[in-house]
Amino acid sequence: MTTRRKHKISLRKQPKQARSNELVSIILEAAVQVLEKEGAQRFTTARVAEKAGVSVGSLYQYFPNKAAILFRLQSDEWRQTAELWIGILEDTSKPPLERLRTLVHAFIRSECDEAKMRIALNDAAPLYRDAPEAREARASGDRAFQAFMQEALPSASEATRALVGDLITTTLSAVGASFSESPRTPAEIKAYADALSDMFCAYIESLEND
């Protein structure tokens with residue numbers, strides 16, 4: 001039985017000094033520009049190094065291959081999304097459905113703002129989608145949403161909350177990705193997010209009123 005070769009996606013070494021952190025930031029900024037311009041298929045470490053104005057050797061001190069760069073970009077995006085979700089969902093000063101509306105609007109805006117980058121990263125997903133790091137990077141956002149569902153549907157069974165949570169997050173991700181494939185105006189984004197929020201909130205209210 002043959003074992004499929006896995007790409008190493010972790011940093012070769014962690015930057016510890018300010019200068020090293022700055023170099024990593026420059027490399028990642030260059031990587032974003034190359035990815036948006038060239039796409040995943042033409043994305044190479046050589047192009048990133050050239051764009052960053054550093055040698056390939058300097059780049060390899062921190063990223064062993066292009067998969068490591070792509071994963072870092074993707075994991076940063078996952079982390080930012082998780083922080084967005086957690087910040088909104090854990091704001092208990094607002095009622096659950098108001099938080100859900102805020103989340104939908106913020107997420108749809110984010111999807112539209114970052115559409116070009118997201119599409120390019122999706123093309124590269126086979127390089128890292130099965131990695132343990134990928135699952136761990138998304139886990140915190142999932143936990144926040146599970147806790148939110150307990151607030152939003154306190155009378156529902158655990159199975160029902162799990163079903164509703166999965167339906168909302170799956171729909172939000174799929175619809176957000178599809179909607180953001182074309183350029184959208186702020187008015188279009190607001191109208192779409194309003195309609196999506198209405199749908200989710202009406203569904204939750206119907207379950208609570210049963």
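A crossing of two helices is left-handed if the near helix is turned anticlockwise from the far one by less than a right angle, and right-handed if clockwise. Helices here are DSSP runs (H or I, at least four residues), numbered from the N terminus. The model is predicted, and local features need pLDDT of at least 70, side-chain atom pairs count only at pLDDT 80 or more, and totals for chains, interfaces and linings use all residues. Residues are numbered from 1 along each chain as its sequence is written, and side-chain values use heavy atoms, without hydrogens and water.

**View 1. Helix α5 against helix α8 (residues 158–179).** The crossing is right-handed. The axes lie 9 Å apart at an angle of about 35°. Axes are lines fitted to C-alpha atoms over the stretch in contact, and angles run from 0 to 180 degrees between N-to-C directions. Contact means heavy atoms within 4.5 Å. From α5, Leu100, Val104, Phe107, Ile108, Glu111 and Cys112 meet α8. Their partners in α8 are Ile168, Leu172, Ser173, Gly176, Ala177 and Phe179.

**View 2. Helix α5 (residues 96–113) against helix α9 (residues 186–208).** The two axes come within 9 Å and cross at roughly 145°. This crossing is also right-handed. The α5 side includes Leu97, Arg101, His105 and Arg109. Among the α9 residues they face in this contact are Lys190, Asp194, Asp198 and Glu205.

**View 3. Helix α4 (residues 66–89) and its cap.** Asn65 caps the N-terminal end of α4. A side-chain oxygen of Asn65 lies 3.2 Å from the backbone nitrogen of Ala67.

Notes. Helix = DSSP H or I, 4+ residues; strand = E, 2+ residues; numbered from the N terminus. Expected span 1.5 Å × (residues − 1). Polar contact = N/O pair within 3.5 Å; in protein donor to acceptor, adjacent residues only side chain to side chain.
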